[in-house]
Amino acid sequence: MSALMMETEQFSYTVHYSSRRRSVALQVKQGQLTVRAPLGYSLADINALVQQKQQWVLKHLQQVKLQIRPQWLAEQQLPLLDNTIALTRMRGAKSAVLYDEYNITVIVSSRVQPQRYEKVLLALLQKWYQQQALSWFTQRVFYWQNKMNIRSGTILVGNWRTKWGYCKSNSELGFNWRLMMAPAWVTDYVVVHELAHLKHLNHSPRFWQLVGVHYPQAEQAKTWLKHNQHLLEL
Ligand SMILES: [Zn+2]
């Protein structure tokens with residue numbers, strides 16, 4: 001059996017079955033959890049085990065994140081979909097973010113203590129990315145739902161460590177703001193993926209078939225996210 005993608009509230013992971021295995025093993029490598037299981041072990045049991053080991057998994061997922069933090073801020077540039085925008089930092093009377101098409105200026109209030117500067121800067125940037133993400137994903141969901149003839153509910157943007165999006169049974173869709181640091185074609189894959197869940201609330205072959213019909217580059221997008229997720233971080 002090939003690899004299966006699974007999701008929890010906090011992260012997604014891959015399950016590999018093998019006839020040679022006798023026990024279940026969890027492995028975190030390059031910020032990804034892989035579960036290896038003997039044939040016949042049910043996905044429900046695997047998911048229960050993963051939930052049980054959640055603290056351990058999160059700890060290891062986060063360690064990798066810390067080790068390979070990208071250098072966007074040091075290089076004074078930020079990725080925004082298919083563009084790179086120049087970052088200017090300033091101190092001013094009031095904290096604010098100013099943005100035009102190619103430049104972003106972040107002003108941190110001069111009343112913010114030096115030891116809190118970095119934290120405030122990151123919070124301002126993340127809030128700005130979240131605003132960009134909400135308008136982008138609202139637009140892209142509208143575009144794709146018409147093509148796929150599916151109706152979505154509320155669209156939200158969230159901040160999760162290792163999850164790109166979610167879909168709820170009430171048709172609510174959520175997207176990770178970090179996707180705004182990925183190319184537009186990759187964000188479209190996540191939109192199609194979550195919309196397809198409104199028809200199939202699982203990762204069954206029928207689900208992947210629906211994704212593939214509307215988004216033939218799905219495999220490339222998955223690979224891109226796997227290899228580049230450490231860059232989608234401030
Ligand atoms: Zn999914």
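Modeller: Start with buried area: the accessible area, taken with a 1.4 Å probe, that two parts lose on being put together, summed over both. This is a predicted model, where local features need pLDDT of at least 70, side-chain atom pairs count only at pLDDT 80 or more, and totals for chains, interfaces and linings use all residues. Residues are numbered from 1 along each chain as its sequence is written, and side-chain values use heavy atoms, with hydrogens and water left out.

Colleague: Which domains does the assignment give?

Modeller: Domain bounds come from an automatic or database domain assignment. Here that assignment gives domain 1 (4–67) and domain 2 (77–231). Their C-alpha centres lie 25 Å apart.

Colleague: What area do domain 1 and domain 2 bury between them?

Modeller: The general idea first. The size of an interface is often given as the accessible area lost when the parts come together. In this model, domain 1 and domain 2 bury about 1,100 Å² between them. Carbon and sulfur atoms carry 47% of that area. Contact means heavy atoms within 4.5 Å. By that rule, 14 residues of domain 1 are in contact with ten residues of domain 2.

Colleague: How many salt bridges does the rule find across the interface of domain 1 and domain 2?

Modeller: The rule asks for a side-chain nitrogen of Lys or Arg within 4 Å of a carboxyl oxygen of Asp or Glu. Across this interface it finds zero.

Colleague: Now strands. Which strands pair with strand 8?

Modeller: Strands (E, at least two residues) and helices (H or I, at least four) are DSSP runs, numbered from the N terminus. Two strands pair if DSSP finds at least two bridges between them. Strand 6 (residues 83–92) pairs with strand 8 in the parallel sense, over seven bridges. T88 stands opposite T105 there. Strand 7 (residues 96–99) runs antiparallel to strand 8, with four bridges. A96 has I107 as its bridge partner. Strands 7 and 8 form a hairpin, with three residues between them.

Colleague: Is strand 8 mostly covered or uncovered?

Modeller: Buried means under 20% relative accessible area, exposed over 50%, partly exposed in between (1.4 Å probe, protein chains only). Strand 8 (residues 103–109) is mostly covered, with six of its seven residues buried. S109 is in this strand. Its relative accessible area is 6%, so S109 is buried. Leaving aside residues up to four places away in sequence, S109 touches R91, G92, A93, K94 and S95.
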